[in-house]
Amino acid sequence: MNKQPTRRSTLLAAAIGAVLVFGAVTQVNAQTASERSAQRRAAKDSKPAKQENQYPNATRTAPEAKASSKGGAKLQKMMDAFDKEKFPEARAQADAIIADAGLNAYERSFAAQIGFQVAYDADDNKAAIEYLKKAIEINGLDNNAHFDRMFVLAQLQLQEEQYAESLATMDRFLNESKSTKPEHLIVKGNALYRLERYPDAAKIIKQAVDASPEPKQEWLQLLMASYVENNQGAEAAKVAESIAAKNPNDKRAQMNVAAVYSQSDMLDKAAAVLEKMRAAGQFTEDKDYRQLYATYLNLDKKEKEAIGVINEGLQKGILKPDYQAYVALAQAYYYSDQIGPAVDAYKKAAPLAPDGETYLNLARVLWQEDRIPEAKEAAKQAIAKGVKKPEDANKILALKGK
């Protein structure tokens, strides 16, 4: 008699629903209230107040950021419209200032900033990107504003899935500003990750994490994801463990640890994490039970544990009584020499299966148990539903029996 398909090949079809949370795209913070206040002061003054240099190692020589009497009046009018929330008017005035070749670089770059702010607030990200490019290209802002706008441009490009452009902007930003701040490095790492350059992403993200006394959780998640994609399971597991240790009650963090262990072939560790969660009452979703029983069924001699998990999930009404659950249960019973329950589970799985292969496996088990009439009936169902090798079912139909 033909043997059933191997346990591993079948059970991997009911794959572990990994819950890895990859790093989110960095969101743009266009302007703070203090920045807007500074802009209003700059529009009123012939020369803006000097601020602390945020980029002391920059290679760029900052131009003299100064408004002329003619240009200052235009900036003031634009800012008055902006402050009164007359945004279309403010944007139109910004466009006029940008296009006026008779105004100096500072005035035109400053106007481009306002154009960006209005466009961004209106969710017109395409226009917002173009305004930022103009502000940088015109090259009239001091180093703080110039590099800040460049950094916002990189973030906005990342948000708009312009990953190659974002990376190019960040390369320029880091090269010219000479910044080593982790909040800057992480944006480049994110762009590299989105471009699937995982070794490069992991390197710079780790640099950002190491440079930060309190790295953000999403940075660690991005580093973990980069390691996973680069098949660096041990490194990914260390990061996942560190996140979980800091967030012992965070279900998602714990599931990430288990997922990384599973993907790194550390299934015993994955099972231990998941069992701890189950004992704590954290299994509240169908995928929780599936991840644990699939883990057990891909470990040697853990069929009884898998049976307990599946039956508990079904009894609680959390695990969906579908084909995958029942076929996994059937195979777990079969490989632990519990043939009667295996037959019962196969009978539940077979009608839900996409083809007749499960009916054929049921027929084989029944044949093995010398339950010939039942085996023949299952073989008929297999042929009716469709199997790859009908001749296997026909052999069972040809058996002599009661």
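Biologist: How many aromatic pairs does the count come to?

Modeller: Rings of Phe, Tyr and Trp (its six-membered ring) pair if their centres lie within 6.5 Å; planes under 30 degrees apart count as stacked, over 60 as edge-to-face and the rest as tilted. This is a predicted model, in which local features need pLDDT of at least 70 and side-chain atom pairs count only at pLDDT 80 or more, while totals for chains, interfaces and linings use all residues. Residues are numbered from 1 along each chain as its sequence is written, and side-chain values use heavy atoms, with hydrogens and water left out. By the rule for rings, the number of aromatic pairs is 10.

Biologist: Which kind of aromatic pair do F82 and F87 form?

Modeller: The ring centres of F82 and F87 are 5.7 Å apart. Their planes stand at 65 degrees, and the pair is edge-to-face.

Biologist: Does F87 count as buried or partly exposed?

Modeller: Buried means under 20% relative accessible area, exposed over 50%, and partly exposed in between (1.4 Å probe, protein chains only). F82 has 4% relative accessibility and therefore counts as buried. F87 has 29% relative accessibility, so its class is partly exposed.

Biologist: Why is the pair of Y106 and F110 classed as it is, and what is that class?

Modeller: The two ring centres of Y106 and F110 lie 5.8 Å apart. Because their planes are at 55 degrees, the pair is tilted.

Biologist: Which residue lies over the face of Y55?

Modeller: Ring pairs link Y55 with F147, F151 and F173 in a cluster. A charge sits over a ring if NZ of Lys or CZ of Arg is within 6 Å of the ring centre and within 35 degrees of the ring normal. At 5.8 Å from the ring centre of Y55, the residue over its face is K181.

Biologist: Is H146 buried or exposed?

Modeller: H146 is found in helix α7, residues 143-159. Leaving aside neighbours within four places in sequence, H146 is in contact (heavy atoms within 4.5 Å) with residues including R60 and R172. Its relative accessibility is 2%, so H146 counts as buried.

Biologist: What percentage of the 402 residues is buried?

Modeller: The secondary structure of the protein comes to 21 helices and 0 strands. Of its 402 residues, the buried share is 50%.

Methods
Helix = DSSP H or I, 4+ residues; strand = E, 2+ residues; numbered from the N terminus.
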